[in-house]
Every structure is written in C-alpha cells, then in structure tokens.
Amino acid sequence: MTFSRFSRRFFGCSRLEQLATSIVLALLLCCGASAWAEGIAVQQASLEADSVGGWNLDARFDFQLNPSLEDAVNKGIPLYFTTNFELTRGRWYWFDEQTVSTAQSIRLSFQPLTREYRVSSGGLQLGFESLKEALAVIKHVTSWHVIDRNEADPGETYTASVRMRLDTDLMPKPFQIDAVNNRDWNLSSEWRHFPFTATDHAK
C-alpha cells in the first residue's frame, strides 16, 4: 500500500478508528526502537572456588549488535567489550570497603581477506566463520580469576558486582570522538549485584 492510499483510508475513517490506528502504529514504532535499546542484560553471575585458593567468575550476558555496530565490525572497525568486577564489604561505621576492582577486555574484529571474525583477549585469539558464533563467546565470561585467596576473609559476606559494556575508550581516537555523539555506540549493562560468602576450603 502506498502512502497516499494509506492517507485516504486513514482520514476517511471515523475518529475512533483513527485513534486505534494511531495507537497500533505507535506501539509498532516503540517495539522496533526497543529492540536495539535494551542494551546488555546480565543473565547469570556466580563465583566458583578455583584450584589455587581464589575464586573465578562465571557470567552470561545477552545482547544484540544494532545495525550501526554490525556495519562497523564488517568494515574492519574493532569493537571492545569490557567486563568489570567489584567486591565490596559493608561497614556500619564508614563507607563500604572495596576489596577487589578488576576488568578484562575482549576485542571483536573482522578480517575481510579471510572472511573471519576474531575474538581476542590478552594473548589468546579465536577465529569464527559467523558473527553469531563470535558473539556467543563474548557473551559467556568463564573461569576469569577475580579474587585472590588473601582478598576475602573466611565467613565474611561480601557484595559482588559485575557489568559489561562496549568500551569506546579502547577504540582508535577518531572513532572515540564519533562514538561520544552517537547513541548507537552506547551499549552497556546495569551492575548486577549478588552476595558472596568466602569459605575456608578456598583459602
């Protein structure tokens, strides 16, 4: 249906029908916009004791790249996803004590010559045929050592906090300037807080 035919039908309707049509259109527009405005969701986060007396973070995130970000990756612009972790202990007499604050970044890039998506962190690098496969790895943070054995006292209860964000500060300078003024580059989660009690066996 062309716009002119839609206009004739719309303005030829009763006021009640026009109102109902306007509401439906508004809902459709809102739903379309929210598909890219949901940001990053923290689906799950937990701490597991490791073999050296500390604790590792296991967390799952969910998000989709909007068309602008997906287009940027396919044009060879790398994206960086940074996961932040904090551990705090409440104190009734003063501000909460922050015992741990750490972060790790994962780089997502595309190699046009090999048609391969690459996910790298530190000295590790993995290659994938599809963007979906590459994002699946980024969305699952596993076996990340975040707490040393001397940073948590046995029997003490702490508040662990985790979040993930698209880290534009790690991008080349020209893209940083563009990202500041472009909402399409604003992709992050809220902080997810959960209680954590240190145990003797992990010390």
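**How many of the 11 residues of strand β3 (residues 79-89) are buried?** The count is 10 of the 11, so β3 is largely enclosed by the rest of the structure. Here, buried means under 20% relative accessible area, exposed means over 50%, and partly exposed lies in between (1.4 Å probe, protein chains only). This is a predicted model, where local features need pLDDT of at least 70 and side-chain atom pairs count only at pLDDT 80 or more, while totals for chains, interfaces and linings use all residues. Residues are numbered from 1 along each chain as its sequence is written, and side-chain values use heavy atoms, with hydrogens and water left out.

**Overview: the protein has 5 helices and 9 strands.** Helices (H or I, at least four residues) and strands (E, at least two) are DSSP runs numbered from the N terminus. Starting at that end, the order of elements is α-α-β-β-α-β-β-β-β-α-β-β-α-β. Of the 203 residues, 36% are buried. Taking contacts (heavy atoms within 4.5 Å) between residues at least 6 apart in sequence, 65% join residues at least 24 apart.

**Close-up 1: strand β3 with its partners β4 and β8.** Two strands count as paired if DSSP finds at least two bridges between them. Strand β4 (residues 97-111) runs antiparallel to β3 and is joined to it by 11 bridges. Look for N84, which stands opposite A103 in β4. Strand β8 (residues 157-166) is also antiparallel to β3, with 8 bridges joining the two. Here you can pick out E86, whose bridge partner in β8 is S161.

**Close-up 2: helix α3 (residues 67-74) and its buried residues.** L69, A72 and V73 are the ones to find: they are buried in α3. They cover an arc of only 100 degrees around the axis, which puts them on the same side of α3; the arc is that of the directions from the helix axis to the C-beta atoms. The buried residues of this helix pack against β3, β4, β5 (116-121) and β8. At the N-terminal end, N66 caps α3, with a side-chain oxygen 3.0 Å from the backbone nitrogen of S68. Just after the helix comes G76, with a positive phi of about 95 degrees.

**Close-up 3: D62 and K139 form a salt bridge.** A salt bridge is a side-chain nitrogen of Lys or Arg within 4 Å of a carboxyl oxygen of Asp or Glu, and the count by this rule is 7. In this pair the closest N and O atoms are 3.9 Å apart. The two residues link distant parts of the chain: D62 belongs to strand β2 (residues 55-62) and K139 to helix α4 (residues 131-139), 77 residues apart. D62 is partly exposed, with a relative accessible area of 34%, whereas K139 is buried at 15%.

**Close-up 4: R89 and D153 meet through their side chains in a salt bridge.** The N to O distance is 3.1 Å. R89 lies in strand β3 and D153 in the loop between β7 (140-147) and β8, so the pair ties together parts that are 64 residues apart in sequence. R89 counts as buried at 18% relative accessibility, while D153, at 36%, counts as partly exposed.

**Close-up 5: the side chains of D167 and R165 form a salt bridge.** Their N to O distance is 3.4 Å. D167 is buried, at 6% relative accessibility, and R165 is partly exposed, at 22%. Elsewhere, salt bridges that share partners join R89, E97, D153 and E156 into one network.

Technical notes
A polar contact is a pair of N or O atoms within 3.5 Å; within protein, one must be able to donate a hydrogen and the other to accept it, and residues adjacent in sequence count only if both atoms are side-chain atoms.
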